[in-house]
2 protein chains.
Amino acid sequence: AAGWSDIDVRAVDTVRVLAADAVQKVGNGHPGTAMSLAPLAYLLYQQVMRIDPSDPEWIGRDRFVLSCGHSSLTQYIQLYFSGYGLELDDLKALRTWGSLTPGHPEVHHTKGVDITTGPLGSGIASSVGMAMAARRTRGMLDPDAAPGTSPFDHRVWVIASDGDLMEGVSAEAGSLAGHQELGNLIAFYDQNQISIEDDTNVSFTEDVAARYRAYGWHVQEVDWRRGSSPKGDEGTYVEDVDALLAAIEEAKQVTDKPSLIALKTVLAWPAPTKQGTGKAHGSALGDEEVAATKKLLGFDPDKTFEVEDDVIAHTRKVADRGREAHAQWQTSFDSWKSANPEGHTLLERLLGNGLPDGFEDAFPTFEADAKGIASRAASGKILTALGPVMPELWGGSADLAESNNTTMEGQPSFVPDNWQTTAWSGSPYGRVLHFGIRENAMGMALNGIALSGLTRVYGGTFLVFSDYMRPAVRLAAIQKLPVTFVWTHDSVGLGEDGPTHQPIEHLATLRAMPGLDVIRPGDANETAVAWRTILQHFDRPAALVLSRQALPTLDRTEYASADGVAKGAYVLADTDGTPDVILIATGSEVDLAVQARKTLAESGVAARVVSMPCREWFEQQPEDYRNEVLPPSVRARVSVEAATPFGWHDIVGDAGRAIGIDHFGASADGKLLLEKFGFTVEAVVTAAQDSIAAVAAG
Amino acid sequence: AAGWSDIDVRAVDTVRVLAADAVQKVGNGHPGTAMSLAPLAYLLYQQVMRIDPSDPEWIGRDRFVLSCGHSSLTQYIQLYFSGYGLELDDLKALRTWGSLTPGHPEVHHTKGVDITTGPLGSGIASSVGMAMAARRTRGMLDPDAAPGTSPFDHRVWVIASDGDLMEGVSAEAGSLAGHQELGNLIAFYDQNQISIEDDTNVSFTEDVAARYRAYGWHVQEVDWRRGSSPKGDEGTYVEDVDALLAAIEEAKQVTDKPSLIALKTVLAWPAPTKQGTGKAHGSALGDEEVAATKKLLGFDPDKTFEVEDDVIAHTRKVADRGREAHAQWQTSFDSWKSANPEGHTLLERLLGNGLPDGFEDAFPTFEADAKGIASRAASGKILTALGPVMPELWGGSADLAESNNTTMEGQPSFVPDNWQTTAWSGSPYGRVLHFGIRENAMGMALNGIALSGLTRVYGGTFLVFSDYMRPAVRLAAIQKLPVTFVWTHDSVGLGEDGPTHQPIEHLATLRAMPGLDVIRPGDANETAVAWRTILQHFDRPAALVLSRQALPTLDRTEYASADGVAKGAYVLADTDGTPDVILIATGSEVDLAVQARKTLAESGVAARVVSMPCREWFEQQPEDYRNEVLPPSVRARVSVEAATPFGWHDIVGDAGRAIGIDHFGASADGKLLLEKFGFTVEAVVTAAQDSIAAVAAG
């Protein structure tokens, strides 16, 4: 039993009035869930989770994911109670400029927050990645430890709302988690059955528990409403903390399945008139309701942010529990360390964001070859070469392994023993990931893995299906996570699969996103430098955009070194003196620009070719370098990219020409399509002449 | 029982060799599913679906959705067999330029194709919209008919694959369909358990049938493998068509639940060595395997595209069944018509893409008001005004009704009687849609509704969550569907919810998509003209992007009429003679430009203000008009939009300045954020002066 004393009960009620007050003060926000989940959150922080408030980055800690991020007060108030650094003034500053208590929890911003949440479904989906990372990390550093004895064993705790479980991304992730038998994942489903449109019966009447059982989860139901409606109006509502704790204990015993504990609550309990209503979900309760709630709970309705000294003194004692847990862990860590000196050296490197010895030498170089190789195939060779050198590297695909070339050949799959197949052997500690056809959950899981911090991860699909995972990509960018998205089949050049599979707008849409590096290498050696540079960054996600079709491997004795890729853009082929025109190309169109340069030379036009695989990296170069590559005085410019020209005008300027494709594709041979859609030497040459003429005309 | 004769069996086997041949000829594609689903597809087209090959657009027809669009041959061969217009030469032209048989089925391109599919999950998700549309159409035109007797009653048939059911969008849609009790929806789950990464056990081991039961579907399992593995290697595989038909008949009897028939098949049956393998999923089988399959089935291995005359003569007889069904339907339609003259007039208008009498007069006009009104609130008033005038209009939100202002006040919800709530009353025939927090399924359902053709539909969420529904939006654009996406909370101006909820890149990413009109009106009257113009288009989707915060309602006696919105951009406020600078703004920034113009005037700078709510509409104007609004000679230009400046350079040009925000937002008051991020009169004035100086400098 939880064994709560009066002061624990008072503390929980204090949470409720603080939540009501904080939202009331700023005038907007989400008070309801923070009020009704006060007992659960308190139980987790005070008694259940292995955490140490004095060391929020402790690698042995359990992770906490507030998937219903709008209820950020649920977490902020516990962080305040537990002594993570938040104080009452921070709660008073909720949702205001510069505060430590933004509308939704933000990782790297508020101590004790393990993940940025807010978009529904994202938290619980990322938690699956966190749980996977815990298992992989153990497999990498301490595979032989008995279950539960490794310093790398920890649990991932999630609180999810009705909204989280309506989102498809949580469904994908739930299916994946069940398949992966993630016993270290325990999620609470706050089944208050109220969302912004009030009673969820209007749109959401499925049997959630049965659904999670179908996924292979261990599911328990704890009904505080005892059968009454979401309004709690039959007067039967009892916050049975002991029953909840019993369910938690049972969930901890289940080590071969993720656990869902469906907890039926009354939203905004015990607000007298707004409990169990949509109004209490996303709006301030109003002075009157706040006062009435305070009276009901024995607080002074005229005071705000009232926290009794003995309450905060009591809750802060959790620090002792944390220190103790940490000390225990340290003992097990120290014995692991002495038994595993190599493992410890690796861990130190990973903690320090270091790269392995021999990192740069591990990359293959590709001989010049007119027939060439698809950049996706080059990427596959690079990953396979990195496999033995970088144990922290892992990744896979959303059911397109062979198409995306995302498999490190020779490495085992990350899969429960029973689910190995003829095609894929592996173990729960493997490195080749199989996400199934679940792109968004893949993205969210990659984020969760990156948040766990000790590995480097990538995941692949077709570029066109980056659309399916944009919510995850955006969260990777917001959280500055070093995740690599491998997106192949990067243009109409993919051919016969037709318009639904051919990206047009995707490069532009990804470049438009803040905080994401978009790299489209032009040949195999550019692909190698792209991977090298990506892995040298630890503070941002990257999109690696690769061709389905073969690209000639350029002769680097004739053309500039592919090392220029690291600067985002470089002069690949130059002229003597000032060029008449600059041809700027990415990916599969680099070779087209190279050919057009030759044709232009035949008619006496001196063209420079700039390969521009990554606009973001280029923009970060000093102005001198940028002006060297693209001299402002040379206004005759042509960009060539088999994608929408949207967004290229700022590179080519008013006198320039952007060769692109601004309509959907078609089903036919890829080479033919590129020709039909105007990606020809003649078109580049004509555009160059046009641009030169435009400059001449003033 | 199906009662198949030898010729039916021969026809089904002919499907298999045609599928193998067609993929072999082009050298790529997906033969496997078309082979193993031959019996199911044949049964549906020849015996089950109410269709008339002589009239593919017949409004009384059942709809067919091939959610596994990669298996397009499954449909193409049946269209050929049934006489929809495809011939053997079309099958030979599979996946080639200009053919009627592209890689994935394309609506409006190949007769008999009801929907473009390909992106997995999209078809089955859109089918939910089709089933909803059938019910709403009946409610609009023939509400009192007994079940199954209305000419507007029809079924929606779906074939979905393992991949379809892994995607989150199908999960969202499945939950929604169960909730909506869509008895007219029958889906087959081709459970071959093979995907591109071969045996799906490596990633997908949930109990799909139990999951769909949890959604509230009627689920049946038909196991042709009789317990053997996906490889069929125990030799027990029997294509029991009678069992399948019995399941279909049972599904038809269930009118209060959607039906899933899980059919366990062996992929590529009976290819001797590649059946049940990932290789047979997405690649040509190879000459040898094709020949071996033909031998096995009693076909000449040296012949390709062999169709015996009596086979095609037999299958084409289905035309008789179609004509008969159509004639029967016509009788019921005629009696409906005479009993419902007003309904028939409405139907005629809808079939002719007409707008109602009084359409233009129905729109409210908004008085000038400095305090103003949020464009989302204006939109809500407009929708409410349109409600009584346009019975074909319906829509709702993904659980943000009050935030998106998407409710036509006074109209009933579209919800089963039992699932009405305190907040929402309605009926199965209602007009206010409740999608739950399922944005992508909402988008797909909207597409399905639009494909059904007789209604106009819209759906709302926050702009930032357009990311969740991009796959649906793209399919709306590809299919040229008149769906309206209502996206509110359109900038950092939304305030406290912070970076996860604040769109930055979204306007650019939507503009980059071909075929989508993106409209961001600047005040209430612009919002009215935006809606009017959107509803006047029947051939494309629109994104209506609206503010959370109040926008001043401009005094149209002082400024130009909002009618200019229909042209995408117009001169809102002008100068005498040639302006010194043009300020171009959208949405909430229009007023900022108007204010900056005044400030500039004080220092003697003559600024024109162009409101540019829709770049796509503007680009469609004659060059004269465009040059009138943005004279090429006026190169001093400033764009102002609270979003990424990405993509604005082509409007403002080399001498111009684009005021935008290229980083993520923050949690604070919206007004404060706009100020902090540089959306101030001073910033616009400075940019204008800079641009004027840049022009002067040459």
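A salt bridge here is a side-chain nitrogen of Lys or Arg within 4 Å of a carboxyl oxygen of Asp or Glu. The model shown in every view is predicted.

**View 1. Salt bridge between A:E589 and A:R520.**
The closest N and O atoms of A:E589 and A:R520 lie 2.8 Å apart, so the pair meets the 4 Å cut-off. The two residues belong to distant parts of chain A, 69 residues apart. A:E589 sits in the loop between β19 (581–585) and α22 (590–602) of chain A. A:R520 sits in the loop between β15 (517–519) and α21 (524–536) of chain A. Over all chains, the structure holds 60 salt bridges.

**View 2. Contact surface of chain B and chain A.**
Chain B contributes 107 residues to the contact, and chain A contributes 108 residues. The size of an interface is often given as the accessible area lost when the parts come together. For chain B and chain A the buried area is about 8,700 Å², with 60% of it on carbon and sulfur atoms. Of the area that chain B buries against chain A, 10% comes from B:W97, B:E197 and B:F646, more than from any other three residues.

Side chains of opposite charge can pair when their charged atoms come close. The rule finds 8 salt bridges across the interface of chain B and chain A. Across the interface of these two chains there are also 48 residue pairs in polar contact, both residues being at pLDDT 80 or more. On the side of chain B that touches chain A, the residues comprise 44 nonpolar, 34 polar and 29 charged.

**View 3. Open sheet of 5 strands in chain B.**
Strands of a sheet pair through backbone hydrogen bonds, either parallel or antiparallel. In this sheet of chain B the pairing is parallel, and the strand order is β1-β2-β3-β7-β6. β1 (63–66) and β6 (218–223) of chain B are the edge strands, each pairing on one side only. From one strand to the next, the twist averages 15°.

**View 4. Strands β3 and β7 of chain B, with helix α9.**
Strand β3 (residues 185–191) and strand β7 (residues 259–264) of chain B pair in the parallel sense over 6 bridges. B:Q191 has B:K264, in β7(B), as its bridge partner. Helix α9 (residues 208–215) of chain B packs on the sheet and touches β3, β6 and β7 of chain B. The direction of helix α9 makes about 160° with that of β6(B).

Notes
Residues numbered from 1 in each chain as written. Chains lettered and ligands numbered in written order. Predicted model: local features only at pLDDT ≥ 70, side-chain atom pairs only at ≥ 80, totals over all residues. Heavy atoms only, no water. Contact = heavy atoms within 4.5 Å. Buried area = accessible area lost by both parts, 1.4 Å probe. Polar contact = N/O pair within 3.5 Å; in protein donor to acceptor, adjacent residues only side chain to side chain. Nonpolar A, V, L, I, M, F, W, Y, C, P; charged D, E, K, R; others polar. Pairing = 2+ DSSP bridges. Helix = DSSP H or I, 4+ residues; strand = E, 2+ residues; numbered from the N terminus. Axes fitted to C-alpha atoms, helices over the stretch in contact; angles between N-to-C directions.
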